[in-house]
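Reader: Could you walk me through this one before I set anything up? I'd like the conventions along with the numbers.

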Amino acid sequence: MDRRTLIGGSIAALGLAACAQDAPAQTAPATPPNPENILVLQLPAGEVRIELLPDLAPRHVERIKVLTRRGFYDNTPFHRVIEGFMAQGGDPTGTGTGGSNLPDLAAEFSPPSRARFIRGTVGAARTQNPNSANSQFFIMFAPTPSLDGQYTIWGRVISGMDAVDRLKRGVGQGGQVPQPADRIRSARIAADIR
């Protein structure tokens, strides 16, 4: 099993049957978010903007900013993409076992009453150890209530979900994407874009 697999266990345990229904995309907030809390990904199909949520996961948001500003995510693949579930990236090795040279992060789980895994939610990938998130993340294609309160939510897509929807899909039960996988062309914090 991959070191940074989203969840240990079978695909049935991931709640794929429950997330097969369509879910509405998240809507943008009424007031524009702070550019310091917007992650801008350039994907093959276009730009994706993710609002970072420091009120939910301050340590994870800080990690994303640090790695983004180091250029860590540039040219990294979406190595695991499962139709109707999620797209996982953030591993420079593309194997699902890699991460950054920074220490793993302690979990910052949100209760379902505060944040849920719905379409466009961005969460921290980890092993079965709740305190093993590092650099890998996943973007949800559909709601998956079985993840609520079990994984750290650090962001939400506010524009460009159509570009995420067009990522190359993986094969088999684990959703490993055949090479060449779609890659993040660049990742920037909006405040740094001139």
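Author: What follows goes from the overall fold to the sheet, the core, the aromatic rings and a few backbone details.

Reader: Good, but what am I looking at, and what was counted?

Author: This is a predicted model, in which local features need pLDDT of at least 70 and side-chain atom pairs count only at pLDDT 80 or more, while totals for chains, interfaces and linings use all residues. Residues are numbered from 1 along each chain as its sequence is written, and side-chain values use heavy atoms, with hydrogens and water left out.

Reader: How many helices and strands does the protein have?

Author: There are two helices and eight strands, where helices (H or I, at least four residues) and strands (E, at least two) are DSSP runs numbered from the N terminus. Read from the N terminus on, the elements run β-β-α-β-β-β-β-β-α-β.

Reader: And in what order do the strands of the sheet lie?

Author: The eight strands form an open sheet in the order S3-S4-S6-S5-S7-S2-S1-S8, with antiparallel pairing; two strands pair if DSSP finds at least two bridges between them. S3 and S8 stand at the edges with a single partner strand each, so one side of each is left without a neighbour in the sheet. On average, neighbouring strands are turned by 25° against each other, direction ignored, with axes being lines fitted to C-alpha atoms, for helices over the stretch in contact, and angles running from 0 to 180 degrees between N-to-C directions.

Reader: Which strands does H1 touch on that sheet?

Author: H1 packs on the sheet and touches S1 (38–43), S2 (46–52), S5 (121–124), S7 (153–159) and S8, and the direction of H1 makes about 120° with that of S8. Contact here means heavy atoms within 4.5 Å.

Reader: Switching to the interior, how much of the protein is buried?

Author: Buried residues make up 52% of the 194 residues, with buried meaning under 20% relative accessible area, exposed over 50%, and partly exposed in between (1.4 Å probe, protein chains only). The largest nonpolar core has 32 residues, of which Leu 39, Leu 43, Ile 50, Phe 78, Ile 139 and Trp 154 touch the most other members; such a core is a set of buried Ala, Val, Leu, Ile, Met, Phe, Trp, Tyr and Cys residues joined through side-chain atoms within 4.5 Å. A second, separate core of 13 residues includes Leu 53, Phe 117, Ala 125 and Met 140.

Reader: What about Leu 52, buried or exposed?

Author: Leu 52, which lies in strand S2, counts as buried at 2% relative accessibility. Leaving out residues up to four places away in sequence, the contacts of Leu 52 include Val 61, Ile 64, Trp 154 and Ile 189. Leu 52 and Arg 156 are 104 residues apart in sequence, yet their C-alpha atoms are 6.8 Å apart in space.

Reader: Now the rings: how many aromatic pairs are there?

Author: A search of the whole structure finds six, where rings of Phe, Tyr and Trp (its six-membered ring) pair if their centres lie within 6.5 Å, and planes under 30 degrees apart count as stacked, over 60 as edge-to-face and the rest as tilted. One of them joins Tyr 73 and Phe 137, whose centres are 5.7 Å apart and whose planes stand at 80°, so the pair is edge-to-face. That pair links distant parts of the chain, with Tyr 73 in the loop between H1 and S3 and Phe 137 in strand S6, 64 residues apart. Phe 117 and Phe 138 form a stacked pair, 5.6 Å centre to centre with 20° between the planes, and both residues are buried.

Reader: Where do charges sit over rings?

Author: Arg 126 lies over the face of Tyr 151, at 4.0 Å from the ring centre, and the charged end of Arg 169 sits over the ring of Phe 141, 4.4 Å from its centre. The criterion is that NZ of Lys or CZ of Arg is within 6 Å of the ring centre and within 35 degrees of the ring normal.

Reader: Last topic, the backbone: which peptide bond is cis?

Author: The bond from Gln 179 to Pro 180 is cis, with omega near 0°, and Pro 180 is placed in the loop between H2 (161–165) and S8 (186–189).

Reader: And what is phi of Asn 75?

Author: Phi of Asn 75 is near 70°, a positive value in a residue other than glycine. Asn 75 is found in the loop between H1 (58–69) and S3 (78–82), and counts as partly exposed at 49% relative accessibility.
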